[in-house]
Amino acid sequence: RVGLTRREFAYPGDKWRMADAALCFLERCLASFDLEALPGLAEEYALKGPEVLAPLLQHAGFDVLSRILGETPLRATLIAYVVEGSEELDRQPGNAQFAKVVMRALRILERVLAIQDLFLDHLVPVLSEFDSSAIVSTRISQSFLSRIDQGLSLDHRSIPAIGSYINQQLYPELMYLSTRILAALSQSPSFENIATLVER
């Protein structure tokens with residue numbers, strides 16, 4: 001996002017097409033990162049050891065999710081699109097290309113909310129049991145990771161912004177994603193007063 005704001009484009013829409021292409025890659029990485037299979041690998045892991053985790057650790061989704069759950073520019077960018085996208089859409093309601101970028105950001109957020117517990121509570125602790133450097137080059141430390149809802153909770157605008165997408169009648173998917181994400185966040189201990197925030 002920082003690179004996009006500094007770069008000049010011959011056509012303004014190209015900026016959002018490039019952002020959409022980048023988010024599309026991230027979205028596909030996370031969509032194909034089959035963390036839901038992790039609980040089923042427990043028995044095989046006990047028999048064969050760390051090698052059974054290699055497909056998960058070498059998957060691009062592992063790196064993407066690690067960055068989103070860490071204090072990284074990628075996490076900040078994703079949250080910025082989610083939080084600031086609402087006001088931007090209100091300023092230019094007919095900008096379908098920007099709306100597409102926001103939709104991708106919300107789809108990524110929804111996917112992260114769905115799989116972050118498996119990653120943080122099951123996969124990352126297992127990595128501390130053995131030297132994973134032979135499988136994955138980056139060493140992951142749980143102390144540098146946190147749930148995406150915790151990151152959202154640091155910005156008081158996040159819940160009102162996500163809730164406001166329900167009014168984007170030009171883009172039904174934004175309305176749908178808004179509802180899904182708010183439902184997921186309502187289960188988070190980081191948002192105990194979510195009803196008050198939505199009302200605000």
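Helix 2 passes helix 7 in a left-handed crossing, where left-handed means that the near helix is turned anticlockwise from the far one by less than a right angle. The model is predicted, so that local features need pLDDT of at least 70 and side-chain atom pairs count only at pLDDT 80 or more, while totals for chains, interfaces and linings use all residues. Residues are numbered from 1 along each chain as its sequence is written, and side-chain values use heavy atoms, with hydrogens and water left out.

**Helix 2 and helix 7**

- The two helices pack at an angle of about 20°, with their axes 9 Å apart; axes are lines fitted to C-alpha atoms over the stretch in contact, and angles run from 0 to 180 degrees between N-to-C directions.
- This angle makes helix 2 roughly parallel to helix 7, a label for angles under 35 degrees.
- Contacts (heavy atoms within 4.5 Å) involve, among others, W16, L23 and L30 in helix 2, and F98, V101 and I108 in helix 7.
- By class, the residues of this contact divide into 12 nonpolar, 2 polar and 7 charged; Ala, Val, Leu, Ile, Met, Phe, Trp, Tyr, Cys and Pro count as nonpolar, Asp, Glu, Lys and Arg as charged, and the others, Gly among them, as polar.

**Helix 2 and helix 5**

- The axes of helix 2 (residues 13-31) and helix 5 (residues 60-68) come within 8 Å and cross at roughly 110°.
- Helix 2 is therefore roughly perpendicular to helix 5, the term for angles of 65 to 115 degrees.
- The crossing of helix 2 with helix 5 is left-handed.
- On the helix 2 side, L26, C29 and L30 take part, and they meet A60, G61, V64, L65 and I68 of helix 5.
- This contact has 7 nonpolar residues, 1 polar residue and no charged residues.

**Burial of helix 5**

- G61, F62, V64, L65, S66 and I68 are the buried residues of helix 5, buried being under 20% relative accessible area with a 1.4 Å probe, protein chains only.
- Their cover includes helix 2, helix 4 (54-57), helix 6 (73-91), helix 7 (96-127) and helix 8 (148-153).

**The chain as a whole**

- The chain has 11 helices and 0 strands, taken as DSSP runs (H or I, at least four residues, for helices; E, at least two, for strands) numbered from the N terminus.
- Of its 200 residues, 47% count as buried.
- Among contacts between residues at least 6 apart in sequence, 74% join residues at least 24 apart.
- The chain exposes about 10,800 Å², of which carbon and sulfur atoms supply 54%, by the Shrake-Rupley method with a 1.4 Å probe.

Definitions and conventions: Parallel < 35°, antiparallel > 145°, perpendicular 65-115°, else oblique. Buried < 20%, exposed > 50% of the residue type's maximum accessible area, 1.4 Å probe, protein only.
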